[in-house]
Amino acid sequence: VSRQLKEEIRRGFARLEDPLAGLLAMLESSSDWRGKGHSLGYCITTELQLWIKEHPAVPQSGTKLKKLQARVLRMLSQCPANLLDPLISIYQLHTADRNCLLEHVSHLYLQGNYKEAAILSIKLKLQPDQDVEKMCTPLLLQDKANLVEDYVAEYPELQRKLLQTLDTWCDPSFNIRDITRLYQGLSRYKPEKFNHRVLSKLIFRLLERFNVDPALCPNVINQRHLRTLNYLFYKRFVEKTMTEENWADHIKSTVGENRWLQEQLVQALLRHCGTHGAAHWARHCQLPPELLPRALAQELQELHIQDRAEEVPKAGNYEASKKKDYYQLPIPRKNIHFVQTWEEMLQCWEKVLQPGQVVGVDMEWKPSFGMVGKPRVALLQLALRAEVFLLDLPRLLEQAEGEKEKLPHFIQMLYSDAAITKLGYGMSGDLSSLAATCSALKDTEKQMQGVVDLLAVDKQVDGLSPEHSHEQRGVRQPEKGLSLLVQHVLGKPLDKTEQLSNWEKRPLREEQILYAASDAYCLLEIYERLCKDPKSFGLGSDLTESLMGKQSKKPRAKKQLNKQEPPLPSGQECQGPRRDPPHPPAPVSPREFSVVCDNMLQGLGRYLRCLGVDVRLLDNEDDHRKAAEIARQEGRVILTSGLPYQTLRSQVGEGRCFSVNCSEKAKEQALQVLEHFNVQVSLGDIFSRCQ
């Protein structure tokens with residue numbers, strides 16, 4: 001707004017006997033202000049708001065103000081959002097009779113203006129006097145979950161009531177049509193967006209945002225636990241990639257004393273193990289006898305202690321027989337140190353914080369299986385050439401006052417020291433979990449120097465592709481991630497059967513200790529092998545220089561290795577001689593661009609969908625090669641990262657597979673994809689596909 005116009009508006013206010021009544025008369029006789037954007041009516045209103053602050057004697061009171069408030073209320077339902085706050089402030093609507101305000105909002109609601117009624121309620125803070133279920137249900141049916149979140153944001157009691165209502169709707173016996181039937185004529189009604197799956201995701205989002213105890217929502221928590229149970233049975237009895245002890249730990253912690261989940265466990269045991277096997281596990285998991293079917297209860301009575309003693313070692317021997325197929329830790333067991341006290345920590349500190357030291361770093365945490373909250377690191381592994389230190393983070397962070405700050409200080413010193421080379425695999429994810437575990441470490445990623453993230457390196461290693469091991473174990477999944485890199489560089493894959501362990505349980509089992517040490521130590525051996533013989537793995541000398549310690553602070557910048565050449569857009573061009581850059585593809589709109597995202601890029605997929613791109617996402621349990629099937633059938637471009645790229649690009653046409661930097665955040669990844677494929681995003685594309 002020009003200065004001259006502002007001055008003219010203010011002179012006009014000064015000449016009016018009653019500026020508040022004057023503004024209202026102007027707005028009532030004009031329709032200019034009803035449009036979006038900064039209309040003349042909006043400019044005059046906001047200038048009056050500022051002018052009143054400079055002239056405190058102007059505001060009205062008493063009967064005259066009440067009449068003005070009644071007139072303003074009639075206008076508010078037609079107001080654009082940017083006029084609401086100025087008008088509420090100018091006419092002091094917070095001081096108006098609360099019953100009148102509630103009656104006005106109720107009138108809006110009965111007219112079907114649910115969104116307007118909710119927004120006005122939020123602005124006037126009327127929520128405590130309203131029925132949260134009644135106000136929020138039509139908004140959810142119109143797919144306005146964000147407005148529902150705002151409606152309860154400042155009221156913990158309403159948050160709990162809303163969550164309890166939503167959880168009631170998630171009861172398997174509840175028919176959601178009983179709700180939707182009441183709103184058949186609702187404008188912008190989206191019944192397909194109102195189902196158990198969508199409600200479940202909303203509940204978990206609200207639980208996390210408002211930090212509410214999940215026990216308030218037993219139905220949705222039970223359903224999530226049931227999915228965890230099914231996943232655990234798949235890992236143990238179909239894929240056969242989980243040890244008995246590990247599986248039993250998770251089963252017990254998932255089911256607990258919950259009677260309904262215990263019943264589901266019994267049914268699953270009978271399906272997968274038969275009566276005899278189910279009886280063994282029923283006793284092992286201490287299931288109440290009254291829950292068991294008659295045949296299973298009889299089997300349990302006949303089961304003797306020696307039967308149980310025979311079964312467990314047999315399974316253990318089976319697992320042990322497989323060890324020869326996997327990478328073996330080359331240092332003696334006595335050189336693995338489990339660190340729980342500050343005295344032990346000091347010994348670790350002295351050995352690790354040495355200039356020129358090379359340290360393999362890894363972290364473990366208890367799998368969340370989709371439950372609320374970020375994972376908290378339970379074990380930090382630091383591998384040196386001759387020994388490995390396993391830091392019991394929960395125990396060390398519980399040290400006496402004055403000592404618990406020392407651990408974050410040690411970790412910050414390690415990551416920020418450019419003279420110590422830190423090796424990791426997917427360090428960004430590890431560091432974000434570390435920050436969730438200890439707030440003092442939230443800036444570690446910004447300060448780190450001297451790091452080599454092998455996740456950013458492996459996409460440049462020649463010849464990597466998922467392979468089946470020479471012995472099948474059930475529906476054995478091909479090696480992927482770090483395990484595939486270990487197999488390719490060192491000859492054998494990692495044994496990942498302990499990956500999904502309960503890392504918070506103490507004491508750790510021997511298998512967990514060996515797994516944790518191997519995960520960190522193998523990074524040292526990979527690094528050494530790649531540095532000694534880079535050409536045999538398809539790596540250039542510039543990458544060798546980077547691996548030898550000249551990398552930049554963040555792994556994401558590692559592609560800028562040769563200052564004479566521009567950074568490569570993706571892993572696609574890391575192989576073979578460099579060609580002249582091709583002409584950029586013709587511009588396309590997001591609606592014409594369809595992709596399938598590999599399962600490590602779900603964040604990127606959701607971000608691209610927000611920009612209007614047609615996106616298919618692989619599920620966590622899907623094989624990477626499913627992306628190639630979808631791409632061929634539906635004409636999509638594959639977006640992947642790291643090792644799977646080498647396999648997938650050979651299964652689709654040239655230019656139809658793109659490798660994304662996994663250490664980048666989703667926004668940066670999306671910009672990389674849009675630029676590479678010349679996708680032109682307009683304002684109308686944004687959120688055009690979103691719920």
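**Close-up views of a sheet and a helix pair**

**View 1. A helix lies across the strands of a sheet.** Helix α25 (residues 510–532) lies across β1, β2 (358–365), β3, β4, β5 (421–424) and β6, where contact means heavy atoms within 4.5 Å. Helix α25 runs at about 145° to β2; axes are lines fitted to C-alpha atoms, for helices over the stretch in contact, and angles run from 0 to 180 degrees between N-to-C directions. Helices (H or I, at least four residues) and strands (E, at least two) are DSSP runs, numbered from the N terminus. The model is predicted: local features need pLDDT of at least 70, side-chain atom pairs count only at pLDDT 80 or more, and totals for chains, interfaces and linings use all residues. Residues are numbered from 1 along each chain as its sequence is written, and side-chain values use heavy atoms, with hydrogens and water left out.

**View 2. Six strands form an open sheet with mixed pairing.** The strand order is β1-β4-β3-β2-β5-β6, and two strands pair if DSSP finds at least two bridges between them. The edge strands, β1 (336–339) and β6 (451–453), each pair on one side only.

**View 3. Strands β3 and β4 run antiparallel.** Four bridges join β3 (residues 377–383) to β4 (residues 388–391). Leu380 stands opposite Leu391 in β4.

**View 4. Helices α8 and α9 pack together.** Helix α8 (residues 132–141) and helix α9 (residues 145–152) pack at an angle of about 160°, and their axes are 8 Å apart.
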